[in-house]
Amino acid sequence: MPMSVEEAQILRLYSHVFLLPQTAMTPKPAGPPDGGWGWVVAAAAFAVNGLSYGLLRSLGLVLPDLAEHFDRSAQDTAWVSALALAVQQAASPVGSALSTRWGARPVVMVGGVLTSLGFVFSAFARSQLHLYLGLGVFAGSGWALVFAPALGTLSRYFSRRRVLAVGLALTGNGASSLLLAPTLQLLLDTFGWRGALLLLGAITLHLTPCGALLRPLALPGDTPSPPRGPLAALGLDLFKRRAFLVFALGTALVGGGYFVPYVHLAPHALDRGLGGYGAALVVAVAAVGDAGARLVCGWLADQGWAPLPRLLMVFAALTGLGLLAVGLVPVVGSEEGWEGALLAAAGAYGLSAGSYAPLVFGVLPGLVGIGGVVQATGLVMMLMSLGGLLGPPLSGFLRDETGDFTASFLVCGSFILLGSFIYMGLPRALPSCRPASPPATPPPEMGELLPVPQVALLPSGGPHSSLDTTC
């Protein structure tokens, strides 16, 4: 029986009101929810960080066994970790671009599978080249697909407590090192390096369910359509902004020394005669300081007592000084006091490096806006890869030439100090000439450190404070 005109109109109205897609019916939130499912995303990012950088930090315990088995130098075996770190960071913009196009959830899940396959492949390595391919290329590429999308998604869920949430996620690095360092040494003693890598392949497969927890979130600062073209998708237009360019240069220099302890802190302790479990204790102490500092610094940074660029500059300098202290341990004090001094220096380095980590990602929304934070995170990882590719092999070369890691840590600590000086060019990194209230700035979703129109200066002693003028 054919419908009447009135029935057709009613059916059309019903479908228009009740059968619209949910995305059209649900407006975008006014800003990041600052909680809710964001804490689940923080837990997933915590696990992702632990199974990427935490595992990389403990991987140095395997290098002596690899050098002995393949009869290679410390410099040659250092390229295994250095290549994994460099690929992970250099390919991070690709992970960010894929996440922007397809969403973080499928990209991270695929990255978890690829990382696991890299460890399984390396467990059956017959030459050093197989390790370069398995751990360096396959596992490194998998890590590139998981870290930047997970951390970028987390930044989108928080505004007022963003640095705390990032710091909480980044404690996965220290917590994982604390657990994996002694566990990996036990696996090496029990199953050898092949069995240890095979079991690590099973552990890293847990990155896949972590990716499934990354629920997408639409925000007002998002672009209506994905970026067109490879350059726009990678976010390379961000380098046109002066503040981000200064940040990029400083971060690249910091990366030249920041990851050296990830690879050579354990071998450095072994050179001091601490033994396998003594070296694992040194790594664990640095991990505890790192994890605790990330939480405390994240909470302090969110209080707004000091601008984030200023905190970034200060803690980068302290990280460089901590690395210098690790390198000076064999020089100062007697041989009997090396263990205590090295533990103290490793703890100091862990505290300063842990404080720096949440700031380097927490400052990004202020520099580029919330809409570009995922792409900016990938670019930061790529920039640090430039130093990460140079630092560990340079450290291994200096060790082969000098017989210990003293010169290695001194040179790489100098890279970090130089990067902290570059950070002085960031907005609000240096104190103003006179105390004043900051001018009105856009909300964090638009980038509170981006240039804004200036208002007229009021005379000194007037009813309102004048604008900051940098010294």
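Visitor: Where is Arg 428 found?

Guide: Arg 428 lies in the segment after helix H19 (406-422). Helices here are DSSP runs of H or I with at least four residues, numbered from the N terminus.

Visitor: What sort of model is this?

Guide: This is a predicted model, where local features need pLDDT of at least 70, side-chain atom pairs count only at pLDDT 80 or more, and totals for chains, interfaces and linings use all residues. Residues are numbered from 1 along each chain as its sequence is written, and side-chain values use heavy atoms, with hydrogens and water left out.

Visitor: Back to Arg 428. What is its phi?

Guide: Near 65°, a positive value in a residue other than glycine. Arg 428 is partly exposed, with a relative accessible area of 39%. Buried means under 20%, exposed over 50%, and partly exposed in between (1.4 Å probe, protein chains only).

Visitor: And Asp 71, buried or exposed?

Guide: Exposed, at 68% relative accessible area. Asp 71 sits in the loop between helix H4 (63-70) and helix H5 (74-90). Its phi is positive too, about 55°, although Asp 71 is not a glycine.

Visitor: New topic. How many salt bridges are there?

Guide: One, from a search of the whole structure. A salt bridge needs a side-chain nitrogen of Lys or Arg within 4 Å of a carboxyl oxygen of Asp or Glu.

Visitor: Which residues form the salt bridge?

Guide: Asp 290 and Arg 294, with their closest N and O atoms 2.3 Å apart. They are four residues apart in helix H14 (residues 275-302), so about one helical turn separates them.

Definitions and conventions:
Helices (H or I, at least four residues) and strands (E, at least two) are DSSP runs, numbered from the N terminus.
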